[in-house]
Amino acid sequence: MSVQVFKYFRAQYAATIFSLALLLGYGGGALFAYFSTDNGYFVDLAFLALVSSVTVFVFSKVSLIRERIIGPKIILGVGLLFLAVFGLFACFAAMVLGTAEGIPLLAWFSGADPETLVVLREKFLKAREGWQAIFPYINGLFTGALIPYCLAYFFLEKFKWRWLAFFAFLAYCIVFIEKVFFLKAMIPLLYVAFCVRSGSLSTFVFVASLCVSIVIFLGVVSGFGSGIEESSGDFFSGQYRAVGTLNYLAWRAIAVPIFTAADALAYFSEGLHSNLLMGATSSLLSAIFGLERVEFEHLVFAYQWGQTETGTGSANSVYFVDAYVNFGMMGVVMFSAIIGVIFRMIANSADEALHAIWPLFAFGLYVSGLVGNLASNGFILIFLFCAIVQVRHYKTRRRDISGGMHAPALLPESR
């Protein structure tokens, strides 16, 4: 028996799902938090969530631009795509692992305590210095959209090296014990298995159990919720102390994004006196506009918790909070409209691999800014790639050529 409900998670419903997630998660969640804490910034957050949700939904239904670029495309063999992307990524991963002060997962097996693991995780990528400071940006370009897109395509085409690529990437995602980073590998596989094809209920149960097990395992490895005998503090605040790994993970998934967004609004009002930053929170926009970079996410983190030992602690907020502190309500509406148009373009694309990564794009927007997702996570590169390149399997290209299409294949490939 197939899991029919997954048809409602296809790309054609992406904007609707995302709009509802904003409305229920940040709108309803913020109102619930307000009645729990009496913090007025939660009301502001709920209003911004309502405006953003409606704007995304409306603009996803309106055709404003040509949504498909019609014209000749570069024909690229799937084998060459695999060699180029995963060859370069393998070199990068080897460099990261070889120059790391310590590998967090291996350190845990060696008996490292949670405090040491936190420092090692930050130093694995975020706290690199000198020429290695570029590592987080390269990592974002590879893992944000490019490799998930390629994985989706490999599974769609049943490429013979697809499982090697999947498990290699999954291992890299887990090795530095980031809590949900492994979903960058799992989501393309899940989309292809259940949204494109009719995966069985037993397969879904197995994969879902595997995902939950990985999350719990990473929570245990990180020591979250350990050493606390009784929960204390308000659930929607940084003062909450969770008992056990599952309680901590629930708090981290539900409450932390909401009160972090409210804290960002509080710091913007109280710490920056509501002075619009005009793009200064973004490395790209600050460079374009000639502004001094304001590391707003670091300031908010320090406002919440105090800064970490490495000074890299970040408290990223949902995209509409980032838009608001930079450009006010106009920015919220503008960024939401852009997102609605992007979801519409993804849904109307004929590229199933692009469809498969819409949840990653949506999740990125749910917890961080639009510009960072497009630029640093590489989604803008994927959109351009899909516009000018057509990836084909050898057998598909051979049929096209025999039928009169004369575009040359760059690399013959067999399954």
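How many of the 415 residues of the protein count as buried? The share is 49%, where buried means under 20% relative accessible area, exposed means over 50%, and partly exposed lies in between (1.4 Å probe, protein chains only). This is a predicted model: local features need pLDDT of at least 70, side-chain atom pairs count only at pLDDT 80 or more, and totals for chains, interfaces and linings use all residues. Residues are numbered from 1 along each chain as its sequence is written, and side-chain values use heavy atoms, with hydrogens and water left out.

Start with the whole chain. The protein has 18 helices and two strands. Both are DSSP runs numbered from the N terminus: helices are H or I with at least four residues, strands are E with at least two. Contact means heavy atoms within 4.5 Å. Take the contacts between residues at least 6 apart in sequence: 70% of them join residues at least 24 apart. The accessible surface comes to about 19500 Å², and carbon and sulfur atoms hold 66% of it. That area comes from the Shrake-Rupley method with a 1.4 Å probe; for residues, only the protein chains shown count as cover.

Now go to helix H1 (residues 14-37), which holds Tyr34. Tyr34 is partly exposed, at 25% relative accessibility. Leaving out residues up to four places away in sequence, Tyr34 touches Asn39, Gly40, Phe42 and Val43. Phe259 is 225 residues from Tyr34 along the chain, yet their C-alpha atoms are separated by 10.0 Å.

Next comes helix H5 (residues 114-124). Its buried residues are Leu117, Val119, Leu120, Arg121, Glu122 and Phe124. The list includes the charged residues Arg121 and Glu122. What covers these buried residues? The cover includes helix H3 (78-99), helix H4 (104-109), helix H7 (162-175) and helix H9 (201-222). At the start of H5, a side-chain oxygen of Asp113 comes within 3.1 Å of the backbone nitrogen of Glu115.

Helix H6 (residues 135-156) contains Asn139. Asn139 counts as buried, at 6% relative accessibility. Its side chain makes a polar contact with the side chain of Tyr172, at 2.6 Å. A polar contact is a pair of N or O atoms within 3.5 Å; within protein, one must be able to donate a hydrogen and the other to accept it, and residues adjacent in sequence count only if both atoms are side-chain atoms. Setting aside neighbours within four places in sequence, Asn139 is in contact with Phe92, Leu125, Gly144, Tyr172 and Phe181.

H7 also packs against helix H8 (residues 183-196). Their axes come within 8 Å and cross at roughly 150°. Axes are lines fitted to C-alpha atoms, for helices over the stretch in contact, and angles run from 0 to 180 degrees between N-to-C directions. From H7, Trp163, Phe166, Phe169 and Leu170 meet Lys184, Ala185, Met186 and Leu189 of H8. The residues of this contact divide into seven nonpolar, no polar and one charged. Here Ala, Val, Leu, Ile, Met, Phe, Trp, Tyr, Cys and Pro count as nonpolar, Asp, Glu, Lys and Arg as charged, and the others, Gly among them, as polar. Leu190 also lies in H8. Beyond its neighbours within four places in sequence, Leu190 is in contact with Cys195 and Val207. Leu190 and Phe204 are 14 residues apart in sequence and 8.4 Å apart, C-alpha to C-alpha.

How do H10 and H12 cross, and at what angle? The axes of helix H10 (residues 245-270) and helix H12 (residues 296-305) come within 9 Å and cross at roughly 105°. The contact has eleven nonpolar, two polar and two charged residues.

The loop between H10 and H11 holds Ser274 and Met278. Ser274 has a positive phi of about 60° although it is not a glycine. Phi of Met278 is also positive, near 55°. Ser274 is partly exposed at 41% relative accessible area, and Met278 is partly exposed at 42%.

Ser286 is buried, with a relative accessible area of 5%. A polar atom of its side chain lies 2.7 Å from the backbone oxygen of Ser282. Not counting residues up to four places away in sequence, Ser286 touches Gly279, Ala280, Leu291 and Arg293.
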